[in-house]
Amino acid sequence: MSKTKPLLFIDIPRQNPAKRDARERIAEFKEIYGQFDPRTAADQAGRCLHCGIPYCEWKCPVHNYIPNWLQLVNEGNLFAAAELSHRTNSLPEVCGRVCPQDRLCEGACTLNDGPGWPEREALDPGIGAVTIGAIEKYITDEAVKRGWRPDMSGVVPTDKRVAVIGAGPAGLGCADILVRHGVKPVVYDRYSQIGGLLTFGIPPFKLEKEVVQTRRELMEGMGVEFVLNTEIGKDMFFQELLDGYDAVFLGMGTYTYMKGGFPGEDLSGVYDALPFLISNVNRLLGIEQNPREFIDMRGQRVVVLGGGDTAMDCNRTAIRQQPAKVTCAYRRDEINMPGSRREVANAKEEGVEFLWNRQPIEIVGEERVEGVKVTTTRLGTPDARGRRTPEVVPGSEEVIPADRVIIAFGFRPNPQPWFEEFNIQVDERGRVKASPLGHFKYQTTNPKIFSGGDMVRGSDLVVTAVFEGREAARGILDYLEV
Ligand code: FAD
Ligand code: SF4
């Protein structure tokens with residue numbers, strides 16, 4: 001291990017060091033000091049113990065060669081680290097920023113002492129998991145800055161062409177593997193920018209939009225072609241893709257907004273999470289078609305319903321628009337929130353007020369929203385997945401005053417009307433049937449069509465979508481006998 005001063009000794013401004021969870025401090029550290037310089041990156045990478053069994057690699061969904069690229073960083077061999085990190089991950093700089101590392105690689109690091117050790121951490125802030133995500137991000141950011149580009153010198157072109165629908169993480173992962181095997185990917189997307197939810201879902205304070213732009217330049221340099229502003233099924237028939245290409249990959253995500261099913265959801269002033277986030281990004285990127293589509297929270301009393309990461313993104317986006325107040329209501333208690341602890345802590349610190357154990361039952365108002373009627377809940381018996389079901393406390397109704405309500409209950413798949421015509425079958429939850437265990441990985445019920453990402457597994461993570469896109473590309477290569 002490096003003898004130099006551990007990176008985490010850097011003084012991080014914070015409100016109450018004694019009470020801060022070490023994990024939060026590391027997250028905060030990453031946000032503030034995310035830009036490693038070569039020396040500090042090497043120090044942090046040098047903390048890796050190179051344990052016999054690389055638990056971190058196994059826990060990482062793309063099985064990154066983490067100890068190996070940590071070693072290369074420690075040795076100052078940045079370009080080799082960048083090549084190696086791209087062997088397993090098509091978007092390492094993105095995953096380094098947005099993966100829930102505490103549940104994945106860093107959670108599995110032998111040096112991770114887990115939560116509940118703030119006292120020890122206060123004595124020695126250099127302990128704890130290697131900050132794998134921050135180093136992964138550093139490798140590509142810094143290598144690109146210094147002129148590194150993916151090595152395509154050994155690629156032998158073929159005459160095969162594959163259409164990829166969706167320029168989100170799954171589509172980009174698929175295109176990356178195809179182009180590296182000499183197959184020409186042409187990626188279609190209905191939006192004007194690539195990235196899918198990377199651009200139009202995850203807020204800019206978690207993922208700077210320039211990062212996706214740089215990735216686009218890298219991929220175009222590798223030979224990936226993007227056809228944007230083109231919705232398949234509307235601007236172009238799916239049949240044209242089937243006729244014009246040797247195979248088709250579907251990476252179209254999951255876009256049906258989950259509703260609460262209570263009265264008042266259609267009132268003016270009530271918004272689904274994604275349109276709100278998209279309107280915010282459109283304004284920031286200067287690509288909004290109509291300024292009146294911007295959902296402005298300035299001076300408003302905002303209530304966000306939901307307890308997952310999308311709800312936290314809405315909270316944190318709303319609080320940045322100078323609202324009068326942002327309140328987040330969730331039907332279980334804080335411990336049982338599905339959102340990451342880090343994001344809840346961030347939202348709290350930024351001024352979001354949380355109301356735990358509140359179940360919305362109605363959005364009240366005449367024409368416009370005036371408030372959210374909630375009941376208090378207590379946790380009852382565990383459900384099939386072991387999560388305790390919230391039970392309503394009789395007579396506990398109250399109305400939270402609100403001018404704007406954001407519903408952030410998650411997403412369900414949205415199978416396209418044309419799927420049936422092309423024998424693309426979905427399961428009972430609307431997810432496209434495409435198995436990693438099929439004869440050709442991720443082949444759908446139409447042999448020429450493959451699929452992966454959120455539209456196959458349901459809403460999940462960037463890194464799992466990347467993985468499935470890459471695996472589906474391997475299925476396509478086998479199918480095309482490349
Ligand atoms: P998407 O990213 O949804 O991409 C699908 C693409 O297909 C889109 O660009 C869409 O325009 C395009 N498309 C769809 N239909 C058509 C059509 N007919 N024609 C042309 N194009 C089409 N994950 C994390 O790991 N960390 C996070 O911090 C995180 N934060 C999130 C925050 C929010 C608000 C949301 C909603 C999700 C978040 N996720 C996060 C989840 C992650 O973004 C998704 O799991 C991931 O983007 C899924 O990738 P995908 O390629 O399957 O789909
Ligand atoms: Fe960790 Fe995600 Fe990177 Fe894997 S891809 S090493 S889980 S940050």
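Helices (H or I, at least four residues) and strands (E, at least two) are DSSP runs, numbered from the N terminus. The legends below describe a predicted model, in which local features need pLDDT of at least 70, side-chain atom pairs count only at pLDDT 80 or more, and totals for chains, interfaces and linings use all residues. Residues are numbered from 1 along each chain as its sequence is written, chains are lettered from A and ligands numbered from 1 in the order in which they are written, and side-chain values use heavy atoms, with hydrogens and water left out.

**Figure 1. The protein chain as a whole.** The chain has 18 helices and 16 strands. Of its 482 residues, 56% are buried; buried means under 20% relative accessible area, exposed over 50%, and partly exposed in between (1.4 Å probe, protein chains only). Where residues at least 6 apart in sequence are in contact (heavy atoms within 4.5 Å), 69% of the contacts join residues at least 24 apart.

**Figure 2. The end of helix H18.** The expected span of a helix is 1.5 Å times one less than its number of residues. For H18 this gives 26 Å, which agrees with the 26 Å between its end C-alpha atoms. Just after the helix, Glu481 has a positive phi of about 55 degrees.

**Figure 3. The sheet that contains strand E4.** Five strands, in the order E3-E2-E1-E4-E16, form an open sheet with parallel pairing; two strands pair if DSSP finds at least two bridges between them. Strand E3 (225-227) and E16 are the edge strands, each pairing on one side only. Neighbouring strands are turned by 25 degrees against each other on average, direction ignored. Such angles run from 0 to 180 degrees between N-to-C directions, and the axes are lines fitted to C-alpha atoms, for helices over the stretch in contact.

**Figure 4. Strand E4 and its two partners.** Which residues of strand E4 (residues 247-250) point one way, and which the other? Ala247 and Phe249 point one way, Val248 and Leu250 the other, and all are buried. Strand E1 (residues 161-165) pairs with E4 in the parallel sense over 4 bridges: Val162 stands opposite Ala247, and Ala163 has Val248 as its bridge partner. Strand E16 (residues 449-451) also pairs with E4 in the parallel sense, over 3 bridges, with Phe249 opposite Phe450.

**Figure 5. The sheet that contains strand E6.** The order E6-E14-E7-E8-E9 describes an open sheet of 5 strands with parallel pairing. Strand E6 (270-272) and strand E9 (353-355) stand at the edges with a single partner strand each, so one side of each is left without a neighbour in the sheet. The twist averages 25 degrees from one strand to the next. E6 and strand E14 (residues 404-407) run parallel and are joined by 3 bridges, and Tyr271 stands opposite Ile406. Helix H14 (residues 273-285) lies across E6 and E14, at about 85 degrees to E6.

**Figure 6. Helix H16.** Glu343, Val344, Ala345, Asn346 and Ala347 are buried in helix H16 (residues 341-349). Gly351 follows the helix, with a positive phi near 115 degrees.

Figure 7. Around ligand 2 are 13 residues, of which Cys60, Asn64, Cys99, Cys105 and Glu136 come nearest; a residue counts as near a molecule or strand if one of its heavy atoms lies within 4 Å of it. The shell has 9 nonpolar, 3 polar and 1 charged residues. Ala, Val, Leu, Ile, Met, Phe, Trp, Tyr, Cys and Pro count as nonpolar, Asp, Glu, Lys and Arg as charged, and the others, Gly among them, as polar.
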